[in-house]
Amino acid sequence: MIVRGKELINQIQEIRNSKVIAYITGDRQPIGSIIAEDAVRPLYDHLLSTGKKGKIDLLLYSRGGDVSVPWRIVSMFREFCDELSILVPYKAHSAATLISLGADKVLMGKKAELSPIDPTLRKMTVGEITGPPQEISVEDVNSYISFVRERANINDQSALAQMVSILANNLAPLTLGSVNRQNSHIRLVARKLLTSRKEKLDEAKINSIIETLTEKIYSHGHAIGRKEAQEIGLPIEMPKEPLETTLWNLYLKYEEFLKFDEPLDPLVTLTGKEEEHLEKIPIALIESENKMHIFTTRIDFKRKRQVPANLQINLNLGLNLPPNIKPEEIPQQVQQIIQQMINQIAQNAQRLVQQEIIRQSPEVGVDIRVYGGKWEECKEEIKS
């Protein structure tokens, strides 16, 4: 089955009288991908291939990513078109929602979702790290301060200082600094994107959209449907048939190719094995009428075992000769060959014993390493 969506892209272009570029970041676990700066360069290749057009549609599927990238993408697309629209068949969360803020129109299908744009940060720690970095929402920190002042009604400066001190004890100072910086940055980016649209918005509407998407929706995981997005003030259009079905069918092609609904369960992957190495796994793609780029990566799974500390194995192998053969009667060269064989056998035996001890040690988890990711242009039809 051919995976490329060229035929469906052409159908959308005919319906919309536009040029379409699809940017899909997969959320297959545990190797999901995000909107990132490394996609800007291949996107530019697609724009060069498309050329200057009146209308360009960017079809998005993403759970989010680097909030510094949306402005790079939107401002670049603006150089190649007079009207920019975002096509959303399903999920366009966080950084993808930010991209949508810079569009003249956002076409949302029946299942389409936007999300709040409050950023999350990785919690900085001092000392030994014993687990994956924790993430913290920028708005959670702001909400804590608001709770202290408004709900707990603590306005005394010394009491406020004590509450802030409690916060500082749980977050490294650099994390708090990043919270303040990201808090300002996300609003600046949102404003720049909203003011890049052809239809100019008044200041009150810009502020309302930004506040709603950063503060007033209290859960970062809240899915904003197309009716709610209209109420917020975004330029939402609801595609009619056959565009609605065509957009969904194109999404389904990408979903199948990137295997969104087929998580790589480490324990299933390692059935009967201590480790497994998988190469060239596709986790994101960019496609237009004449080009396709795929981002592939490698992943290693390896069982973690509780091996006895300071494991040392020493094997001494002796050679018992038949009674009628005296060692001094064996030629020197033959003696050397025999000794080399004994040493080799001892080394192999030691290695096999060590491997068996490790194999029989209690299993305490699985190490997962994802590495070697890169964008590559596909010159041929991709088949699954």
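Buried means under 20% relative accessible area, exposed means over 50%, and partly exposed lies in between, with a 1.4 Å probe and protein chains only. This is a predicted model, in which local features need pLDDT of at least 70 and side-chain atom pairs count only at pLDDT 80 or more, while totals for chains, interfaces and linings use all residues. Residues are numbered from 1 along each chain as its sequence is written, and side-chain values use heavy atoms, with hydrogens and water left out.

**Stop 1: tyrosine 23.** Select residues 19-25, which form strand S1; strands (E, at least two residues) and helices (H or I, at least four) are DSSP runs numbered from the N terminus. Tyrosine 23 lies in this strand and counts as buried because its relative accessibility is 1%.

**Stop 2: two cis peptide bonds.** Go to the loop between S1 and helix H2 (40-50), where proline 30 sits. Its bond with glutamine 29 is cis, with omega about 0°. Then select proline 242, in the loop between strand S7 (236-237) and helix H10 (243-258). A cis peptide bond joins proline 242 to glutamate 241, with omega about 5°.

**Stop 3: the second largest pocket.** Select Ile31, Gly32, Ser33, Ile34 and Ile283. The pocket here has a volume of about 440 Å³, and of its 20 lining residues these five are the closest to its centre: Ile31, Gly32, Ser33, Ile34 and Ile283. A pocket is an open set of points, on a 1 Å grid over the protein atoms alone, where a 1.4 Å probe fits and protein lies on both sides within 12 Å along at least five of seven lines; lining residues have an atom within 4 Å of a point. The volume is the space filled by probe spheres set on the points, which are joined across faces, edges and corners.

Next show strands S8 (275-288), S9 (292-305) and S10 (363-377), each of which supplies at least two lining residues. S10 gives the most, with 4. The lining holds 11 nonpolar, 6 polar and 3 charged residues. Nonpolar covers Ala, Val, Leu, Ile, Met, Phe, Trp, Tyr, Cys and Pro, charged covers Asp, Glu, Lys and Arg, and the others, Gly among them, are polar.

**Stop 4: serine 94.** Select the loop between strand S3 (81-88) and helix H4 (95-101), which contains serine 94. Phi of serine 94 is near 50°, a positive value in a residue other than glycine. Serine 94 is buried, at 9% relative accessible area.
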